[in-house]
Amino acid sequence: MPTTTRAAVVESGGAPFTLSDVVLDEPGPHEALVRMVATGLCHTDLGVASGGLPFPLPGVLGHEGAGVVEAVGSAVTGVAAGDHVLLSFTSCGDCRNCRGGHPAYCATWLPLNLLGGSRADGSNTISRDGEALGGHFFGQSSFAERALADERSLVKVDPDVPLESIAPLGCGVQTGVGAVWNVLKPDTGSTVVVLGAGAVGLSAVMAAALTPATRIVAVDRVAERLSLATELGATHTVDTSREDLAEALAGITGGQGADGAVETTGNVGVLRQGVDALAARGTLVVVGAPPFGTEVALDVNGLLGGKRIVGLTLGDSETQTMIPALVRLVKEGRLPLRRLISTYPFGDIDRAVQDMKSGKTIKPVLTF
């Protein structure tokens, strides 16, 4: 049976989130109905809500959901009613990258997650007053009291861990962690630089602190965030409102440069500085996403020392293994994610948005 639920709807690009009753389609064979307990708010949600991406509006966003399964489709085998689950991105499961353990690079990732607004077969998951809404966002559209989620978006998690404490693992945290663990893979004694101390950047700092890297440098313009980065494992900080980044990194590394860097700001000027600051054979991971079509100029001769620039989506994570591991680290206190989270009642979503935009909050989590 279809399910009526309350959702935060974006009516048009640039419009605020407004609470509205919507109708969820009944679960398909590979879908589940999830009662939401919490969901993170991510910059990607804000980018789509602003009209910056061609997602069909009016629509329901949200892609860091956490909740309890209420019902499952006829072919679902991975979860059952009553299971606690995190909701992450979806993927086809059949293409070369999915089969190779890289579902974040699924051949159909963009339409299934970010742009399509409907199931792969074109059918809609959400409607209002008989009119289809944009839905199926990251296979979930979790800005609602209940979400219809793809089975491949669902990850069963430890029921003893409070869901509001781990909701951000579905996107932002696994992105920052994956940049370090899955791409940089720091060697003993290496230097990791994290450009930007927001939720993704601070997740990268926490991840680097669990590796053999001996120098972890957090870079930002906000002193309070740099102080938090130090508490989370950064050995050095650079406040670019007061220091020149190139000079500071040269001093920290003894002129050798960084072995690895994670660029989270989406600022191409910062990206260029990060590339220039790399050591020979160093790697820069590009996470921050400026508007489509943005280009950056690089010194080609500066790349010939073996420097690598790697783009990244969702940490290149295989969610069924990565997310449970992160949940365990949170439970054991080794990944202090709670330091990033501020909770808001679902009805206060617009206050959470404003606090995120102003920098007052690092990672808002909406609770139901």
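This note goes through the salt bridges of a predicted model.

1. A search of the whole structure finds 15 salt bridges, and the points below take up some of them, with the place of each partner in the chain.

2. Glu145 pairs with Arg6, and the closest N and O atoms of this salt bridge are 3.0 Å apart. Because Glu145 sits in the loop between strand E8 (131-133) and strand E9 (146-150) while Arg6 belongs to strand E1 (residues 3-10), the pair ties together parts that are 139 residues apart in sequence. Glu145 counts as partly exposed, at 27% relative accessibility, and Arg6 likewise counts as partly exposed, at 32%.

3. Lys363 forms a salt bridge with Glu64, with 3.0 Å between the closest N and O atoms. Lys363 lies in strand E18 (residues 363-367) and Glu64 in the loop between strand E4 (59-60) and strand E5 (65-72), so this pair ties together parts that are 299 residues apart in sequence. Lys363 counts as buried at 4% relative accessibility, and Glu64 counts as buried at 0%, where buried means under 20% relative accessible area.

4. The side chains of Glu231 and Arg339 meet in a salt bridge of 2.4 Å, N to O. This pair links distant parts of the chain, 108 residues apart, with Glu231 in helix H6 (residues 223-232) and Arg339 in the loop between helix H10 (319-331) and strand E17 (341-345). Arg339 is partly exposed, its relative accessible area being 35%.

Definitions and conventions: Residues numbered from 1 in each chain as written. Predicted model: local features only at pLDDT ≥ 70, side-chain atom pairs only at ≥ 80, totals over all residues. Heavy atoms only, no water. Salt bridge = Lys/Arg side-chain N within 4 Å of Asp/Glu carboxyl O. Helix = DSSP H or I, 4+ residues; strand = E, 2+ residues; numbered from the N terminus. Buried < 20%, exposed > 50% of the residue type's maximum accessible area, 1.4 Å probe, protein only.
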